[in-house]
Amino acid sequence: MGFQGNIEEHLLATKLAMRNKGIEGEASIIKRPREVDEIDGLIIPGGESTVMGILGSFNGVLNRIKERAMEGLPIMGTCAGLIMMAKRTYDRVVGETHQPLLGILNVMVERNSFGRQRESFELPLKIPVLGNKDFPGVFIRAPSIKECYEGVEVLCMLREHIVGVKQGKLLGLAFHPELSGDLRLHEYFLDLI
Amino acid sequence: MISLVSPIEKPKSIKIERMEGLELIRGTTLVKRGFAHMQKHGVIMDVTNVEQAQIAEEAGAVAVMVLDKLPYDVRKAGGVSRTASLKVIEEVMDHITIPIMAKCRIGHTYEAKVLEEIGVDMIDESEVLTPADEERHIWKWDFTTPFVCGARDLGEALRRIEEGASMIRTKGEPGTGNVAEAVKHIRIVNNEISKLKALYEANDHQELIKEARNLRVSYEIALETAKLGRLPVVNFAAGGIATPADAALMMRLGCDGIFVGSGIFKSEDPLERARAIVLATTFYDEPEIVTEAQKMVDEKKSMLGMDTKNLELRMQERGN
């Protein structure tokens, strides 16, 4: 989804992951509702969720994505993308926020959960579905998942914080695999498609 | 892919915390430049109080820049222009969810320290404020908080990156509502990068070394830029952007996003204008939407602006 944020890095990581897996196909940036009909999977990048919500409501893309998600479109959301997918969100400092969301992932997300930019960090993560090798976690003003509801499976924890979940073909991550140089999560997502 | 690797081995910005046998690292180049990446394709708006910050957030700003006075008013007021009141910055931090940036004076390490201490998300070492050090900029590798700096040409941009800037913006001519200088600066940067790239592709390293000397930068960073064919960090447009069409023009010229200073809150239609500039920035490659955005603003309500030829104060000449 190409409104705002770290779009190009996801595009590149997806292309590299497709090459690694020998998948033929096209990775592209989409902004229009009709483009949503042409895709087999969608990545919502990091950036600012408020901005993506406003722009996505403006041209109707959010509604179209929501409809396709109900029909089983695989979607991976990272950082702001996770927030966009969540049923409910609130901000750690400001509290309840009323921003346009997709509301397709059965979780409650706390925005800016680890603090401001000064508190952003890198940390190796254990993600059992990817095997034993740690995954380089990059957390930038990251959210975390406070509650999981029906059908949600936890993929990754950081102490008491849930930072990765899966619900059917939906993947929600609080960190940035596209900045990590590790393609395993992109490959894992491609396997869901 | 934009470089996320630090040329400095162990910058002081790095803070390591051990936690249950794991190493949590803050202030890395990846996390600092990564923050700038999250702003891409967005609009960062200058604000002077909570009300303006809330309007900016509602309109779809990706971040706000808190100032004491908008650049236009700095120009009018004269005198010494310093960082904003910490109380105002803290109030803004308590009321909005998007990132908050603030400006400090060029070379004023302690204004920057104070801004880092209260927790702003990014510091702008800015020519809009009165420079504190005529010789040197801040050594930004010492800070956990990322910095953005202005540049008029490639040499300036790369020198700032060598000092640790995580993001660059054109200088333009702040507070004028005139986009001409920003256009000039991005053109210069783009042309100089094309030249480096051509030398790299021709495998002419001797000439590349000479170019690095002309630019007054290290060979390493000149080589990296030549290989990438773009700046090694995110590059925004700033200085004089006042309308949706201005924003779309700067995106078309290859900027990663937009700073709007006086253009929004010195106009008579700030909310509509802010929304329209956000739309035009994201959809710059779709002329129908830029047109729709441009219709949302009334030229009679734009800030009057000024010609940049006869200015008494040329802010862009501060720092180099």
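User: What does "buried area" mean here, and how much is there between chain B and chain A?

Analyst: Buried area is the accessible area (1.4 Å probe) that two parts lose on being put together, summed over both. Between chain B and chain A that comes to about 3900 Å², with carbon and sulfur atoms giving 61%. This is a predicted model, where local features need pLDDT of at least 70 and side-chain atom pairs count only at pLDDT 80 or more, while totals for chains, interfaces and linings use all residues. Residues are numbered from 1 along each chain as its sequence is written, chains are lettered from A and ligands numbered from 1 in the order in which they are written, and side-chain values use heavy atoms, with hydrogens and water left out.

User: How many residues of each chain are in contact?

Analyst: Contact means heavy atoms within 4.5 Å. By that rule, 53 residues of chain B meet 42 residues of chain A.

User: What makes Arg116(A) and Asp121(B) a salt bridge?

Analyst: The term asks for a side-chain nitrogen of Lys or Arg within 4 Å of a carboxyl oxygen of Asp or Glu. Here the closest N and O atoms are 2.8 Å apart, so the pair qualifies. The count between chain B and chain A is six salt bridges.

User: Which parts of chain B supply the side that touches chain A?

Analyst: Helices (H or I, at least four residues) and strands (E, at least two) are DSSP runs, numbered from the N terminus. Those supplying at least two residues each include β2 (22-26), α2 (50-59) and α12 (270-282) of chain B. α1(B) gives the most, with seven residues. By class, that side has 25 nonpolar, 14 polar and 14 charged residues. Ala, Val, Leu, Ile, Met, Phe, Trp, Tyr, Cys and Pro count as nonpolar, Asp, Glu, Lys and Arg as charged, and the others, Gly among them, as polar.

User: Why do β6(A) and β2(B) count as paired?

Analyst: Two strands pair if DSSP finds at least two bridges between them. Strand β6 (residues 121-125) of chain A and β2(B) have two, in the antiparallel sense, so they count as a pair. Glu122(A) has Ile25(B) as its bridge partner.

User: What sheet do these strands belong to, and what makes a strand an edge?

Analyst: It's an open, antiparallel sheet of four strands, in the order β7(A)-β6(A)-β2(B)-β1(B). The edge strands are β7 (135-139) of chain A and β1 (15-19) of chain B, as each pairs on one side only. Inside chain A, five bridges join β6(A) to β7(A), and Leu125(A) is partnered by Phe135(A).

User: Which strands close into a barrel?

Analyst: Eight strands of chain B do, with parallel pairing, in the order β3-β4-β5-β6-β7-β8-β9-β10. One pairing there is β7 (residues 147-151) with β8 (residues 167-170) of chain B, over four bridges. Cys149(B) has Ile168(B) as its bridge partner.
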